[in-house]
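This report describes the packing of one protein chain. The sequence and structure are shown first, and the description follows.

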Amino acid sequence: MKEKVLVTGATGFVGSNLCRKLLEQNFEVFILVRKSSKFDYLEDIKDKLNIVVWNGNIDELIGNLKEIEIKAVFHLASLVKIEHKKEEVEGLINSNILYGTKLLEAMKYSQIKIFINTGTYWQHYNSEEYNPVDLYAATKEAFEKIIKYYVEAEGVRCVTLKLFDTYGENDKRPKLINLLNKFADEGKELDMSLGEQKLDLVHIDMVTNTFIKAYELLKNNEEIRNEVYGVSSGKQVSLREIIKNFEKETGKKLKINWGARPYRKREVMEPIKSLKNLAEQSRAEQSRAEQSRAEQSRAEQSRA
């Protein structure tokens, strides 16, 4: 029987790719969406997904989750505002804290114990344990504190994956590579900072694989209660180097005015490097499991 999982944020770039990867690995995928949600990223797989409509009613969601018998929740939904306006504060709180809290409350009544949450490396300005770059990152941290309550009081087990800069095919977001292509094709001049800030670009395949590894870790090891991992490529490259490589790989030439713009307020000049890596954790878990099986085998042989 296929394992049933619920994905929030499925209509976005990362969430849609996770849905594809889950389908490839024979999961039965349910997505939690609003009536107004657009399915541009999901058109090719929409008929393979089970759609649950979220209208803000916890009781209705509890009923849906109980009926479906969900095994785990992948929570990717969020509102990102890099430099928020005062009228956007409520939306950030509702999307990044209230929505997730209602979801956890519904999980409590539906006896769902596995929760994979999504954070951001922007929770670590200057590589500090907690120093949010912006209000968006602050809401992510606040929600992690709420998760801790559900872990301690309700037995939810969680892995939070803190994403670095993601990229990949069919990415429609106004991200760096897309913007470089756009400006190169249009031949427009681009005002930029000095370009010394470093980025950690992670391909979407690595990201989706890590989400599934997080699920497997929680499924196979009940001692895992509330862990945080970074989803990093392990390589940090300056903006200047990225653009140089872009021009080399594409053959396109960019007109850039370096230093024409100041660095953004609280610009991340070097992403945090100290977050734990789930791939390394998975290898360690596998090694311990193999060692345990070997010890058990030796014990059985000695008894024989």
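## Helix packing: α2 and α3

Helix axes are lines fitted to C-alpha atoms over the stretch in contact, and the angle between two of them is taken between their N-to-C directions. The model is a predicted one. In it, the axes of helix α2 (residues 58–68) and α3 come within 9 Å and cross at roughly 50°. Angles under 35 degrees count as roughly parallel and those from 65 to 115 as roughly perpendicular, so α2 is oblique to α3. The crossing of α2 past α3 is right-handed.

On the α2 side the contact involves I58, L61, I62, L65 and K66, which meet K102, L103, E105, A106, Y109 and S110 of α3. Sorted by class, this contact has 7 nonpolar, 1 polar and 3 charged residues.

## Helix packing: α3 and α4

Helix α3 (residues 89–110) also pairs with helix α4 (residues 135–154): their axes come within 10 Å and cross at roughly 15°. The two helices are therefore roughly parallel to each other. Here too the crossing, of α3 past α4, is right-handed.

From α3, the contact is made by V89, L92, I93, N96, I97, G100, T101, L104, E105 and K108. From α4, L135, Y136, T139, A142, F143, I146, I147, Y150 and E154 take part. The classes are 12 nonpolar, 4 polar and 3 charged residues.

## Nonpolar cores

The largest nonpolar core holds 47 residues, of which V7, V29, I31, F74 and F211 touch the most other members. Two or more residues come from each of β1 (4–8), α1 (13–24), β2 (28–33), β4 (72–75), β5 (114–120), β6 (157–163), α6 (204–220) and β11 (226–231). The most is given by α6, with 8 residues.

What does V29 touch, not counting residues up to four places away in sequence? Its partners are V5, V7, C19, L22, L23, L49 and N50. Another core, of 25 residues, lies apart from the largest one and has I70, I147, Y150 and V151 among its members. Of these, I147 and Y150 are also part of the α4 side of the contact with α3.

## The loop at G195

G195 is in the loop between β8 (189–192) and β9 (198–199). Is G195 buried or exposed? Its relative accessible area is 0%, and under 20% counts as buried, so G195 is buried.

Leaving aside neighbours within four places in sequence, the residues in contact with G195 are S238, L239, R240, W258 and Y263. The C-alpha atoms of G195 and I242 are separated by 9.5 Å, with the two residues 47 apart along the chain.

Note on methods: Residues are numbered from 1 along each chain as its sequence is written. This is a predicted model: local features need pLDDT of at least 70, side-chain atom pairs count only at pLDDT 80 or more; totals for chains, interfaces and linings use all residues. Side-chain values use heavy atoms; hydrogens and water are left out. A nonpolar core is a set of buried Ala, Val, Leu, Ile, Met, Phe, Trp, Tyr and Cys residues joined through side-chain atoms within 4.5 Å. Buried means under 20% relative accessible area, exposed over 50%, partly exposed in between (1.4 Å probe, protein chains only). Helices (H or I, at least four residues) and strands (E, at least two) are DSSP runs, numbered from the N terminus. Contact means heavy atoms within 4.5 Å. Axes are lines fitted to C-alpha atoms, for helices over the stretch in contact, and angles run from 0 to 180 degrees between N-to-C directions. Angles under 35 degrees count as roughly parallel, over 145 as roughly antiparallel, 65 to 115 as roughly perpendicular and the rest as oblique. A crossing is left-handed if the near helix is turned anticlockwise from the far one by less than a right angle, and right-handed if clockwise. Ala, Val, Leu, Ile, Met, Phe, Trp, Tyr, Cys and Pro count as nonpolar, Asp, Glu, Lys and Arg as charged, and the others, Gly among them, as polar.
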